[in-house]
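Here is a short briefing on one protein structure. Keep the sequence and the 3D view side by side as you read.

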Amino acid sequence: EDRPPLSRSLLLGIQHYLTMIGANIAVPLILITALGGDAMPASAQAKFIGTFFVVSGVATLAQTTLGNRYPIVQGAPFSMLAPAIAIVTAAPMLEGMAGWEAKLLFLQGAIITAGGAEVIIGYLGLVGKIREYLSPVVVAPVVALIGLSLFSTGDITSATNNWYLLGVTLLLIVVFSQYLDRVSRVFDLYPVLLGIVGAWLLAAVGSWFGLVPSGDPAAIDFTELTAEQLVYVPHPFQWGMPQFELSFAIGMFAGVLASIIESFADYHAVARISGVGAPSKRRINHGIGMEGLANVFAGLMGTGGSTSYSENIGAIGLTGVASRFVVQIGAVAMLIVGVIPVFGRVIATIPGPIVGGLYIAMFGQIVAVGLSNLKYVDLDSSRNLFIIGIALFAGMAIPAYVGNVDAAAASMDAVDSGYALLRTGLTDVPLVGSVLGTEIVSRTIYIIAGVHMAVGGIVAFVLDNTVPGTREERGLVAWEEMTESDDEFSSAVERASDRLGRERPPFSGD
C-alpha cells in the first residue's frame, strides 16, 4: 500500500519496466518470424511491438487496481507462444488480404475465445477451489521451476554470447544490491536500473568506437534509433475483424491452462517475496479472471496474449520495494513506450547479454523464494523429499524431452502445424494414441507438457494428495496460519461500495 514520492516511484517504475522488456520484445519478434518475417512491413512490425507494450500497460493497471491487486506486472506469455505459432502456421489465407494479416486475424480469434474461457474459470472460482489441496510441498517446486525453467534461454547459454558483457551486468547488479546497498539508498533501490544503464553505456562506447564488432551480440546498432512515426496509438481491430476457428481456439486454450498454472505460482511467489500471507481463494480467482479479460483485450488489439510476469517478482526481491503504486508507474511507462515508437527503439538496443545477466539475478531470486516455502514442511520426512525431488526433476526433464522431439521433427521437415509431438510422439504410439483418441487431447498434452511449472505442479499435486502424510508433515497447518482469509481481500466493486457508504450521510428520517 506504500506510495513512495513520485520522483522515486518513477525511477522504480522504469526499473520494473526494464526487467520485463526482454520477454515482452522476444514474444512479438518470434511471432513476426512465424507470420512471415520480412513479408510483414517494417512499419507494421513497429506497430505490432508497440501494441504489446500498450496491452501490457493496460493489463497491469487493470490487475493491480481491479484484479488481485498484487504488485505484479502483466506481459506477453511464453506459455501461449507454442499454440500461437501453430495457429499462424496453419491458418488459411483470406481473399484480398496479405498472408501475415490473415494469419494474425485467426490468432486474434483464438486468443479472444480462450481468454473468454479463462474469464469464466476465474470468476466461477474453479482455480481457487484447488487452493484447498495445495501444500508447501506443491507450491515450493512450482515456484522454483519458474526461475529454473529459464536457465537455458539463449540470452544466457548461447554459444556465441558475449560473456564479458553478461558478466559485467551481473557483477554490477550484485555489487549494487548486496555490497553497496548499505552505503547509499540509491544502490539499495535501483540496483537493476544502475546495472542495466552501466552495462549499456559500456556496450555503447565500445560499439561507437568500433571496439565491439558489428556482429557481436554486445554490439549496438545506432541506425535503429529512427522511427517512421512520432506517435502511434494502437486500437482494437487495427488489423481487421478477428476470425474464429474452433480447433484454433481449443489449441490456444491449452496454452491458457498452462498460463493459469504459471500465474498461480506467481501469485504465491509475489506474496512470499513481499512478506504477506499466501493468497486467498478470492484473490486467486479475481487474478485469473482479470487475466482472462486481459487476454480478450489482447485479442481485440492483435497481440499474443497476456499473463503475470515472473521477472518483476525477482526485482521486488532485489530492491525490497513491493509497492503497488510503483508497479502502476511502470505500467504507465509501458503505455508511453507503446505509443511513441522511438522510445521503443531505444529500449530495443539493449543487447542480449545484458538481458541474460539480468535474468540470472532475477530468476535466481525466484528459485530461492520458491525453496523458502519449505520452511513450513518437515524436511526429515522421506515422503516430502521424494515428492519435492521428483517434481523438480520431472519439471525440468519432461519439457526438455518435448523440446527435443520438436527440434528433431523440425530437422526432418515433419512439422507443418507446430505440434511436433502429434507426429513423432504421442500419436505414433498405438496404445497412447488409441487411449487419447483425438488430436485435440494430444495438442493439449503437448503444450502443457512443455511448461515446466505445469509438469512439476501436476506431479507434486498428484503425489502430495495421494501419498499418505499428516497435515503437519505436509506443512498444511503452518500454511493455513499464514494464508490470508477471504475477508482480507476485497474486490474493486466492494471497495467502491464501501467508499460510497462512508461518503453518504446517514438517513435522518426527516
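A residue counts as buried when its relative accessible area is under 20%, and as exposed when that area is over 50%. By that cut-off, buried residues make up 53% of the 510 residues in this protein. The model is a predicted one.

**Overall build**

- The protein has 24 helices and two strands.
- Take the contacts between residues at least 6 apart in sequence: 82% of them join residues at least 24 apart.

**Salt bridges**

- Side chains of opposite charge can pair when their charged atoms come close.
- How many salt bridges does a search of the whole structure find? The count is eight.
- One of them joins the side chains of Arg324 and Glu1, at 3.1 Å from N to O. Arg324 lies in helix H14 (residues 324-339) and Glu1 in the segment before helix H1 (6-35), so this bridge ties together parts that are 323 residues apart in sequence.
- The two partners sit in contrasting surroundings. Arg324 counts as buried because its relative accessibility is 13%, under the 20% cut-off. Glu1 counts as exposed because its value is 67%, over the 50% cut-off.
- Asp181 and Arg182 also meet in a salt bridge through their side chains, at 3.5 Å from N to O. Asp181 is buried at 19% relative accessibility, whereas Arg182 is exposed at 71%.
- Asp464 forms a salt bridge with Arg474, and their closest N and O atoms are 3.0 Å apart. This pair links distant parts of the chain: Asp464 is in helix H21 (residues 452-464) and Arg474 is in helix H22 (residues 471-474), ten residues apart.
- Are Asp464 and Arg474 buried or exposed? Asp464 is buried, with a relative accessible area of 1%. Arg474 is buried too, at 11%.
- Salt bridges link Arg383, Asp464 and Arg474 in a network.

**Helix H13**

- Helix H13 (residues 311-319) is mostly covered, with eight of its nine residues buried.
- Which residues of H13 are buried? They are Glu311, Asn312, Ile313, Gly314, Ala315, Ile316, Leu318 and Thr319.
- These buried residues pack against several helices, among them H1, helix H8 (163-179), helix H10 (191-208) and helix H16 (352-372).
- Gly320 follows H13, and its phi is positive, near 75°.

**A nonpolar surface patch**

- Val205, Trp208, Phe209 and Leu211 form a nonpolar patch on the surface. Together they have about 540 Å² of accessible area.
- Trp208 belongs to helix H10. Trp208 counts as exposed, at 61% relative accessibility.

**The second largest pocket**

- Rolling a probe the size of a water molecule over the atoms shows where empty space is left.
- The second largest pocket holds about 530 Å³ of space.
- Its lining has 27 residues. Those nearest its centre are Glu1, Pro71, Val276, Ala322 and Arg324.
- Look again at Glu1 and Arg324 there: their side chains meet in the 3.1 Å salt bridge.
- Which helices each supply at least two residues of this lining? H1, H9 and H11 do.

Terms used: Residues are numbered from 1 along each chain as its sequence is written. This is a predicted model: local features need pLDDT of at least 70, side-chain atom pairs count only at pLDDT 80 or more; totals for chains, interfaces and linings use all residues. Side-chain values use heavy atoms; hydrogens and water are left out. A salt bridge is a side-chain nitrogen of Lys or Arg within 4 Å of a carboxyl oxygen of Asp or Glu. Helices (H or I, at least four residues) and strands (E, at least two) are DSSP runs, numbered from the N terminus. Buried means under 20% relative accessible area, exposed over 50%, partly exposed in between (1.4 Å probe, protein chains only). Contact means heavy atoms within 4.5 Å. Patches are made of residues with over 30% relative accessible area and no salt bridge: like charges are joined within 9 Å, nonpolar side chains (Val, Leu, Ile, Met, Phe, Trp, Tyr) within 5 Å. Accessible areas come from the Shrake-Rupley method with a 1.4 Å probe; for residues, only the protein chains shown count as cover. On a 1 Å grid over the protein atoms alone, a cavity is a set of points where a 1.4 Å probe fits but cannot get out, and a pocket is an open set with protein on both sides within 12 Å along at least five of seven lines; lining residues have an atom within 4 Å of a point. Grid points are joined across faces, edges and corners, and a volume is the space filled by probe spheres set on the points.
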